[in-house]
Amino acid sequence: MSGELTRKVAAKDAQLLQVILTAPQAEIDRLAGKFKLNVSRRLASGAVFTGTGAQIDALAGDANVKVLVENRKLYSTSDVSTQSTGADQVWAGENGSFDGITGRGVGVVVMDSGIGRHQDLANRVRVRLDFTGPQGKWRFGGEDQYGHGTHVAGIIAGSGKGSRNDDDDDDDAASTPFIGMAPGAALISMKVLGRDGSGYVADVIDAIDFSIRFKNWLGIKVINLSLGHPAGVAYRDDPLAQAVERAVAAGIVVVA
């Protein structure tokens with residue numbers, strides 16, 4: 001356990017804690033029964049247990065439990081520029097317009113606060129999914145109540161229409177100051193952050209596993225994670241890092 005979780009467990013008060021354990025479902029059931037823990041959420045890679053500090057302490061003492069990670073809140077991050085990365089030069093190709101590489105045919109998952117209805121993103125969002133519901137039950141939809149996901153989506157694939165002069169029909173990069181990194185890409189919105197820009201690790205893990213399972217159906221080639229939390233355990237033991245590794249092994253490029 002991380003130092004922070006260890007301190008919370010040591011307090012052994014009535015406050016309920018949520019911890020993520022990576023294990024087969026049969027082992028999850030065994031541990032839940034043995035320590036009278038509530039399985040608040042099932043994950044493809046394990047589960048989220050809810051219990052008091054005393055219960056979590058007892059769970060940590062089981063010989064088969066190697067790592068426990070708190071289901072912590074995480075927060076949105078990211079600020080990039082097409083000019084600083086040279087993306088605008090890649091779009092241009094040899095003729096100085098959009099005949100270079102623009103991301104056409106690439107599906108990019110934006111795991112964030114959702115993607116709003118903005119003219120720069122019109123006809124770019126393939127599907128909107130929401131993973132912030134109770135018990136991790138995903139559903140279609142998920143409006144951006146915070147703004148960060150829309151901001152990130154614009155950085156990734158915004159058309160620049162909102163900053164283009166009304167009388168300017170030219171589509172080249174010089175006609176608008178704000179174009180996304182890959183303006184030809186398609187976006188898949190996966191809402192994992194709420195109206196205050198925070199969310200939970202388990203929601204992101206669920207969304208990553210969903211992306212792996214349906215990557216061919218949705219045309220997913222990239223996952224963008226402009227979010228995170230301070231490191232508490234080694235990356236080899238961290239369930240979120242493990243989920244990212246599963247996505248990479250499935251052939252998805254993960255940008256974090």
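Student: Which strand is serine 198 found in?
Tutor: Serine 198 is in strand β10. Keep in mind that this is a predicted model.

Student: Is serine 198 buried or exposed?
Tutor: Its relative accessibility is 6%, and buried means under 20%, so serine 198 counts as buried.

Student: What does serine 198 touch?
Tutor: Leaving out residues up to four places away in sequence, serine 198 touches Lys73, Leu74, Tyr75, Val192 and Leu193. The side chain of serine 198 also has a polar contact of 2.9 Å with the side chain of aspartate 196.

Student: And how far is aspartate 112 from serine 198?
Tutor: Their C-alpha atoms are separated by 9.1 Å, and the two residues are 86 residues apart along the chain.

Student: Back to β10. Which sheet is it part of?
Tutor: An open sheet of three strands, in the order β10-β5-β12, with antiparallel pairing. β10 (198–200) and β12 (227–228) are at the edges with a single partner strand each, so one side of each has no neighbour in the sheet.

Student: How many bridges link β5 and β10?
Tutor: Three, and β5 covers residues 73–76. Within that pairing, leucine 74 stands opposite glycine 199 of β10.

Student: New topic, the whole protein. How many helices and strands are there?
Tutor: Nine helices and 13 strands. The protein has 256 residues, of which 49% count as buried. Its C-alpha atoms fill a box of roughly 70 × 30 × 30 Å along the principal axes.

Student: What about the surface?
Tutor: The accessible surface is about 12,600 Å², and 51% of that belongs to carbon and sulfur atoms.

Conventions. Residues are numbered from 1 along each chain as its sequence is written. This is a predicted model: local features need pLDDT of at least 70, side-chain atom pairs count only at pLDDT 80 or more; totals for chains, interfaces and linings use all residues. Side-chain values use heavy atoms; hydrogens and water are left out. Two strands pair if DSSP finds at least two bridges between them. Helices (H or I, at least four residues) and strands (E, at least two) are DSSP runs, numbered from the N terminus. Buried means under 20% relative accessible area, exposed over 50%, partly exposed in between (1.4 Å probe, protein chains only). Contact means heavy atoms within 4.5 Å. A polar contact is a pair of N or O atoms within 3.5 Å; within protein, one must be able to donate a hydrogen and the other to accept it, and residues adjacent in sequence count only if both atoms are side-chain atoms. Accessible areas come from the Shrake-Rupley method with a 1.4 Å probe; for residues, only the protein chains shown count as cover.
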